[in-house]
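Have the structure open while you read.

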Amino acid sequence: MISNQKEWMDALIERHGKERQKRFSAATVAVCGLGGLGSNIAIALARAGIGKLILVDFDKVDLTNLHRQQYKVSQIGMDKTEALAENLREINPYIELETHTVRITVENALPLLKNTDVICEAFDHAEAKAMLTNLVLEAMPETYLVAASGMAGFGSANTVKTRRIMKRFYLCGDEVSDVNGGIGLVSSRVMLCAAHQAHMVLRILTEEFET
Amino acid sequence: MVKINGEDKNAAGKTLAGYLASANFDPNRVAVERNGNIVPKSQYAELVLQDGDSLEIVSFVGGG
């Protein structure tokens with residue numbers, strides 16, 4: 001058992017260093033979509049000791065999610081926001097969580113996502129990915145965006161990468177493997193892409209940008 | 001010439017919307033950076049590509 005928050009924080013500082021951990025603890029990161037990408041991103045960020053996560057998804061946990069998303073059989077039928085919050089608190093009892101069980105649209109996104117340092121786009125549909133990307137880059141000039149495109153199938157792990165598009169916009173994935181090409185999403189390759197996204201978030205927070 | 005996704009293209013004089021259509025991009029699936037800045041969706045129809053412009057067109061595919 002952890003006896004108090006100081007013990008938890010000391011353990012993080014020992015791994016990440018004091019300056020880095022200070023930035024992680026002070027950060028607010030939004031995860032938009034809590035499927036294969038978002039659930040894995042959130043777990044990596046909670047483990048890293050990010051201060052606050054904003055979790056957004058309208059969907060409920062379904063049996064067909066369990067092959068790649070970080071939920072359990074016992075959570076089938078729960079809102080993904082609620083189920084993920086439960087799992088994250090088991091990992092990091094001190095993380096601040098804000099959950100929104102809604103579908104993000106052009107109309108509601110800005111109030112939901114305001115005051116975030118970094119936003120992770122972790123949707124399933126290409127149109128939704130483009131919508132959020134355009135909205136954040138057009139309307140939130142202080143916020144960084146880490147988006148994902150292309151992680152379906154059994155292709156090589158080594159083609160999943162992080163690319164800097166603009167100072168505030170990073171894209172993870174192989175950029176071509178479409179889920180609609182008849183190939184499904186596979187846990188390991190989706191996790192790779194989620195790991196790229198979570199890792200880029202941590203690098204942004206410590207100003208270690210890709211070139 | 002207009003540099004688009006790293007390649008020189010004969011696209012000067014076309015609108016961004018026109019170029020996207022001619023190159024088979026779905027405008028609902030893209031985000032376009034031009035000379036370091038995002039191009040607002042509302043400007044796709046009017047924005048005329050200029051000689052020397054540099055564009056990055058990100059075309060999203062599904063899965064997450």
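Let's start with one pair: Arg34(B) sits opposite Asn37(B), a residue of strand 4 of chain B. Keep in mind that this is a predicted model, where local features need pLDDT of at least 70, side-chain atom pairs count only at pLDDT 80 or more, and totals for chains, interfaces and linings use all residues. Residues are numbered from 1 along each chain as its sequence is written, chains are lettered from A and ligands numbered from 1 in the order in which they are written, and side-chain values use heavy atoms, with hydrogens and water left out.

**The chain B sheet**
- Strand 3 (residues 30-34) and strand 4 of chain B run antiparallel and are joined by two bridges. Strands here are DSSP E runs of at least two residues, helices are H or I runs of at least four, and both are numbered from the N terminus; two strands pair if DSSP finds at least two bridges between them.
- Chain B has five strands in an open, mixed sheet, ordered 2-1-5-3-4. Strand 2 (7-9) and strand 4 (37-38) of chain B are at the edges with a single partner strand each, so one side of each has no neighbour in the sheet.
- Helix 6 (residues 126-139) of chain A lies across strand 3 and strand 4 of chain B, at about 35° to strand 3 of chain B. Angles run from 0 to 180 degrees between N-to-C directions, using axes fitted to C-alpha atoms (for helices, over the stretch in contact).

**The chain A sheet**
- Seven strands of chain A make an open sheet with mixed pairing, in the order 3-2-1-4-5-7-6. Its edge strands, each pairing on one side only, are strand 3 (96-100) and strand 6 (161-166) of chain A.
- Strand 4 and strand 5 of chain A run parallel, joined by three bridges. Ile119(A) stands opposite Leu145(A) in strand 5 of chain A.

**The cores**
- The largest nonpolar core has 46 residues, and Leu37(A), Ile41(A) and Leu88(A) are among those touching the most other members. Helix 7 of chain A gives the largest share of this core, nine residues.
- Such a core is a set of buried Ala, Val, Leu, Ile, Met, Phe, Trp, Tyr and Cys residues joined through side-chain atoms within 4.5 Å, with buried meaning under 20% relative accessible area (1.4 Å probe, protein chains only).

Technical notes. Contact means heavy atoms within 4.5 Å. Buried means under 20% relative accessible area, exposed over 50%, partly exposed in between (1.4 Å probe, protein chains only).
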